[in-house]
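Here are my notes on the model you sent over. Have the structure open while you read, and go through the points one at a time.

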Amino acid sequence: MKILAIESSCDETAVAVCEGRQVLSSCIASQVEEHKLYGGVVPEIASRRHVEAIAGLTNEALRQADCTLDEVDAIAVTAYPGLIGALLVGVNFAKGLALSIGKPLVPVHHLRSHIAANYITHPDLKPPFLCLVVSGGHTHLVEVKDYTEFRIIGRTRDDAAGECFDKTARAMGMSYPGGVHLDKIANDGDPTAYALPHPKVEGCPWDFSFSGLKTFVINTIHRCEQKGEAYSVPDLAASVRHHVCEILTEKTMAAAKEFGYTTIALAGGVSANSRLRQRMSEECERAGYTLYLPDVKLCGDNAAMVGAQGYYEFLAGHLAGQDLNATATKSIEEG
Ligand code: KG4
Ligand code: ZN
């Protein structure tokens with residue numbers, strides 16, 4: 001079956017055509033250049049740009065898939081969580097399309113779709129497995145019990161790993177989205193140059209906390225600037241990357257042991273991080289676990305992953321009517 005999938009939860013408008021977990025076309029209109037001017041995503045601008053891009057992108061995705069709208073069997077759309085105005089553009093456009101061609105509408109949870117990027121990259125991967133979901137807004141350790149059944153083991157109590165990368169990178173003078181630049185610059189630095197806090201959440205071994213680390217780094221930079229002291233951007237970037245990746249790797253490996261998983265996957269924008277991919281690969285090899293990493297091109301927001309997850313939601317009968325509404329927050333367990 002062919003699914004036309006739509007993603008507009010943040011600052012990328014994306015449309016794809018998928019056949020099961022196979023991608024026939026995947027188009028993305030990024031707004032990064034415009035949001036860069038403001039150092040982060042401006043929700044109002046994101047919504048406007050989605051409105052402008054979505055129809056043309058849909059035509060382009062259909063053209064590249066050599067498919068007409070009538071040949072589409074279902075419309076999948078990211079309905080939650082995300083920026084509400086941005087989500088509404090995709091959801092309302094999807095509702096209109098589904099109504100006009102008389103085909104089912106499949107709402108998709110954004111984090112579920114990030115996990116599904118692995119189904120595209122690895123045709124052999126099937127649940128159950130443990131997944132570390134690390135994006136700009138979320139950091140979750142999730143048991144993927146089945147394609148549409150999830151249990152959160154741990155989550156961040158404050159900032160997501162991506163937020164920690166983006167905000168510390170911004171304080172070091174890097175442009176939005178800082179995580180990508182920090183990852184590159186860190187390659188030239190010494191990861192042991194700065195002693196950074198290694199936060200723990202008392203009594204909750206599977207939860208994360210990154211705001212203390214973020215604030216510590218930003219304060220370090222401000223202190224240096226106020227005193228007119230120089231600091232090394234590559235060394236600080238390398239230290240931040242090292243610390244965040246060690247925390248993520250440590251907890252994921254410990255959770256795999258505790259909950260009996262030997263298959264682990266990474267998902268979300270931060271899973272593109274070169275150090276995280278390297279550290280998880282090393283530790284999984286040492287433990288004899290199988291690690292699945294999404295193709296770097298599929299780590300960030302895209303609609304192909306929405307199509308792949310939409311396929312499994314469709315098979316599970318998770319359809320929506322014309323009363324579907326976007327929701328800014330929703331647990332991956334309920335999605
Ligand atoms: O999943 P995503 O594209 O959007 C959300 O759903 O939030 O994640 C975006 C996040 C941003 O924080 C961005 O800086 C981060 O992923 N990111 C990276 C890298 N590439 C993207 N963080 C660290 N290293 C990277 N290579
Ligand atoms: Zn995302």
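**Notes on the loops and the ligand site**

1. Start with Pro128, which you'll find in the loop between α4 and β6 (129-134). Remember as you look that this is a predicted model. The bond that joins Pro127 and Pro128 is a cis peptide bond, with omega at about 5°.

2. Where is Pro177? Look in the loop between α5 and α6. Here too you'll see a cis peptide bond, joining Tyr176 and Pro177, and its omega is about -5°.

3. Now hop over to Asp66, in the loop between α2 (43-64) and β4 (74-80).

4. On to ligand 1, which sits in the largest pocket. Which residues come nearest to ligand 1? Out of the 19 residues around it, they are His114, Gly136, Asp166, Gly269 and Asn273.

5. Zoom in on the polar contacts next. A polar backbone atom of Gly136 is 2.8 Å from an oxygen atom of ligand 1. Gly162 also uses its backbone: one of its N or O atoms lies 3.4 Å from an oxygen atom of the ligand. With Asn273 it's the side chain, where a polar atom lies 2.9 Å from a nitrogen atom of ligand 1. How much of the ligand does the protein cover? On its own, ligand 1 has 560 Å² of accessible area, and the protein covers 85% of that.

6. What kinds of residues make up the shell around ligand 1? There are 11 polar ones, 5 nonpolar ones and 3 charged ones. Helices to check here are α4 (110-121), α5 (161-171) and α6 (178-185), each of which supplies at least two residues of the shell.

7. Last, colour the model by domain. Domain 1 (2-115 + 299-315) and domain 2 (127-296) each give at least three residues to the shell around ligand 1. Note that domain 1 is written as two stretches of sequence, 2-115 and 299-315.

Conventions:
Residues are numbered from 1 along each chain as its sequence is written. Chains are lettered from A and ligands numbered from 1 in the order in which they are written. This is a predicted model: local features need pLDDT of at least 70, side-chain atom pairs count only at pLDDT 80 or more; totals for chains, interfaces and linings use all residues. Side-chain values use heavy atoms; hydrogens and water are left out. A residue is near a molecule or strand if one of its heavy atoms lies within 4 Å of it. A polar contact is a pair of N or O atoms within 3.5 Å; within protein, one must be able to donate a hydrogen and the other to accept it, and residues adjacent in sequence count only if both atoms are side-chain atoms. Accessible areas come from the Shrake-Rupley method with a 1.4 Å probe; for residues, only the protein chains shown count as cover. On a 1 Å grid over the protein atoms alone, a cavity is a set of points where a 1.4 Å probe fits but cannot get out, and a pocket is an open set with protein on both sides within 12 Å along at least five of seven lines; lining residues have an atom within 4 Å of a point. A molecule sits in a cavity or pocket if more than half of its atoms lie within 2 Å of its grid points. Helices (H or I, at least four residues) and strands (E, at least two) are DSSP runs, numbered from the N terminus. Ala, Val, Leu, Ile, Met, Phe, Trp, Tyr, Cys and Pro count as nonpolar, Asp, Glu, Lys and Arg as charged, and the others, Gly among them, as polar. Domain bounds come from an automatic or database domain assignment.
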